[in-house]
Amino acid sequence: MTLSKPKNDTSNMRINPARLWDSLMDMAKIGPGIAGGNNRQTLTDEDAEGRALFQSWCEAAGMTMGVDTMGNMFATRAGEDPDALPVYMGSHLDTQPTGGKYDGVLGVLGGLEAVRTMNDLGVKTKHPIVVANWTNEEGTRFAPAMLASGVFAGKHTQDWAYDRVDAEGLTFGDELKRIGWVGSEPVGARKMHAMFELHIEQGPILEAEGKDIGVVTHGQGLRWIECTVTGKESHTGSTPMPMRKNAGRGLARITELVHEIAMKHQPNSVGAIGHVDVYPNSRNIIPGKVVFTIDFRSHLQDVIDAMLEEFYDKAPKLCEDIDVTLETEIVGQFNPPAFDDACVSAVRNAAETLGYSHMDIVSGAGHDACWINDLYPTAMIMCPCVDGLSHNEAEDISPEWAAAGADVLLHAVLESAEIVN
């Protein structure tokens with residue numbers, strides 16, 4: 001893909017920082033957390049309210065809203081060439097149960113602010129521009145993460161996605177219908193000229209290096225392995241220690257194994273267990289079943305494969321030795337993406353044009369852009385976050401960091417969409 005340079009001098013073009021920050025704070029009022037962050041999980045009433053606010057802002061900016069059958073939202077600003085494919089930008093509005101105000105949201109509202117700025121300046125582009133809100137990026141309520149963009153990219157079928165079940169036994173399809181966001185567009189029918197996603201880093205590198213912008217060249221691949229360890233429920237006080245079949249011990253042994261495997265494959269490889277359900281979860285009953293999810297990640301495919309091989313080789317024996325059984329299922333996966341060279345260059349060009357300090361970086365987290373990258377030219381822009389903290393209500397960024405990221409997004413998109421006036 002070849003991207004043309006903007007025809008006009010855009011070096012002084014900036015977004016409105018106060019307006020962007022006000023939008024972030026207004027969205028944060030919906031689904032407030034208990035410690036300053038947000039709990040706006042996908043397909044909840046709070047998610048529906050956030051979607052409605054986003055739609056109202058987009059329509060006020062002169063955009064038209066389309067929604068597909070996975071609930072993905074696409075707000076379009078018309079281009080001058082009706083046959084030109086759109087340039088997309090966006091991220092997600094859903095949060096973790098104890099999430100921050102910026103993870104995902106900055107990418108959606110930064111895209112909206114870029115369009116508002118184009119409107120303010122009377123900028124016209126050859127290509128239409130679309131701001132997207134992808135459904136269920138977090139995957140915390142309905143696994144896996146990036147579910148709707150995964151269906152868009154053909155990684156999952158829609159029927160399979162609709163059948164995903166949350167902890168209360170509710171299905172994705174039923175909840176999408178309940179909140180009123182089942183669209184009419186066939187999922188995956190849209191075509192793209194390019195896609196750009198702005199996101200907070202969710203790590204400490206940019207802040208530690210004193211850089212304004214991360215130019216994301218690659219993403220980490222991941223495997224989520226859902227494990228079920230089955231033992232036998234029995235009374236904690238009257239069951240002799242040698243006769244116990246304690247599923248909790250299986251969890252403990254595998255937790256340590258996961259850590260050891262990840263440490264063997266440094267640098268940049270990680271592994272942890274973050275979601276655990278213990279049954280029957282009673283103080284005086286030895287656990288008869290534990291269900292938990294392992295998260296292995298690396299930006300190198302051969303490393304991911306090696307970590308999985310070691311896990312599958314050792315984990316069953318650890319459980320067998322203590323007389324419990326292990327069942328596993330891959331519930332989330334994608335291979336390490338390398339983002340499009342031309343789109344990455346557009347991001348780097350924008351940072352340099354604007355005078356922002358920048359560095360190349362590998363994304364340590366999964367993003368909707370990782371799936372879209374399999375279909376269309378894609379790149380990501382990152383801004384720092386305080387102490388690298390994310391997926392936490394204490395997640396924080398500065399207005400200046402937000403503005404810098406949105407400025408770079410604006411310029412990268414304009415390079416791709418081609419200014420015509």
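**Note on the annotated site and a helix position**

1. H92 is located in the loop that connects β3 (87-91) and α3 (105-121). The model is a predicted one. With a relative accessible area of 0%, H92 is buried, because buried here means under 20%.

2. Beyond its neighbours within four places in sequence, H92 is in contact with a set of residues that includes D103, H199, E137, E138 and D368. Its side chain also forms a polar contact with the side chain of D103, at 3.3 Å.

3. D103 is likewise placed in the loop between β3 and α3. D103 has a relative accessible area of 5% and is therefore buried. Apart from residues up to four places away in sequence, D103 touches H92, D94, E138, H199, I200, Q202, S390, H391 and E395. A polar contact at 3.2 Å joins the side chains of D103 and Q202.

4. An unreviewed UniProt entry lists H92, D103 and H199 under "binding site". These residues span 108 residues in sequence, yet no two of their C-alpha atoms are more than 9.7 Å apart, so they gather at one spot.

5. A separate remark concerns G248, which belongs to helix α8 (residues 247-264). Its relative accessibility is 22%, so G248 counts as partly exposed. Not counting residues up to four places away in sequence, G248 touches P287 and V290. The C-alpha atoms of G248 and V291 are 9.8 Å apart, with the two residues 43 residues apart along the chain.

Technical notes. Residues are numbered from 1 along each chain as its sequence is written. This is a predicted model: local features need pLDDT of at least 70, side-chain atom pairs count only at pLDDT 80 or more; totals for chains, interfaces and linings use all residues. Side-chain values use heavy atoms; hydrogens and water are left out. Helices (H or I, at least four residues) and strands (E, at least two) are DSSP runs, numbered from the N terminus. Buried means under 20% relative accessible area, exposed over 50%, partly exposed in between (1.4 Å probe, protein chains only). Contact means heavy atoms within 4.5 Å. UniProt positions are given in the numbering used here, feature names are shortened, and annotations may be inferred rather than shown by experiment. A polar contact is a pair of N or O atoms within 3.5 Å; within protein, one must be able to donate a hydrogen and the other to accept it, and residues adjacent in sequence count only if both atoms are side-chain atoms.
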